[in-house]
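Biologist: I'd like to learn how to read a model like this one. Can we start with what counts as buried?

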Amino acid sequence: MDDKLELLLSGQQYKKLQEFWYGRVLEEYQLNIVDVRVLLFLDEHKKFDTAKDIVEMHYLTKSYVSKSIDKLIAKGFLERKHLSDDRRYVHLLVREEALPVIKAVRDRKETMVRQIFQGITSDQKEVLMQVATKINENIAGVLR
């Protein structure tokens, strides 16, 4: 599912649906939805690899992202790196140990998305994506 559309579906009902679909994975790895969103974001957006990027692009609370990153580092799923001379920028790298978690979540997400879009045509999905993109652009404009 496209990030823009996912941001539109970020209400409590969608969060509950994610918890339902990801439940086994969350339990097995002792993670929460924010942890999963952080891992997926970093795996899918290679050039956006800082906590600030996650906060700004997913509109998550800085404290949630920070706690999640600390937890994921402690579990060996993420690694902090300074990739430039500017020590203020801490880049986050997904470690190989996180790949089974990411695969399990993606597999569950694929099934969930199929269920969500059941009975919706590809034309309707395209219109929805266009509307979601425009709404997200409008929201970003207001927040600037």
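Modeller: Buried means under 20% relative accessible area, exposed means over 50%, and partly exposed lies in between (1.4 Å probe, protein chains only). Keep in mind that this is a predicted model, where local features need pLDDT of at least 70 and side-chain atom pairs count only at pLDDT 80 or more, while totals for chains, interfaces and linings use all residues. Residues are numbered from 1 along each chain as its sequence is written, and side-chain values use heavy atoms, with hydrogens and water left out.

Biologist: How many aromatic pairs turn up in the whole structure?

Modeller: Rings of Phe, Tyr and Trp (its six-membered ring) pair if their centres lie within 6.5 Å; planes under 30 degrees apart are stacked, over 60 edge-to-face, and the rest tilted. Here the search finds 2. Phe 20 and Trp 21 make an edge-to-face pair, because their ring centres are 5.6 Å apart and the planes sit at 80°.

Biologist: Is Trp 21 buried or exposed?

Modeller: Trp 21 is buried, at 12% relative accessible area, whereas Phe 20 is exposed, at 60%.

Biologist: And what about Tyr 29 and Phe 77?

Modeller: Their centres are 6.2 Å apart with planes at 70°, so this pair is edge-to-face. Helices (H or I, at least four residues) and strands (E, at least two) are DSSP runs, numbered from the N terminus. Tyr 29 belongs to helix H2 (residues 12-29), and Phe 77 to the loop between helix H5 (62-74) and strand S1 (78-81), so the pair links distant parts of the chain, 48 residues apart. Both Tyr 29 and Phe 77 are buried.

Biologist: Where is Leu 143?

Modeller: Leu 143 lies in helix H7 (residues 122-143) and is exposed, at 57% relative accessibility.
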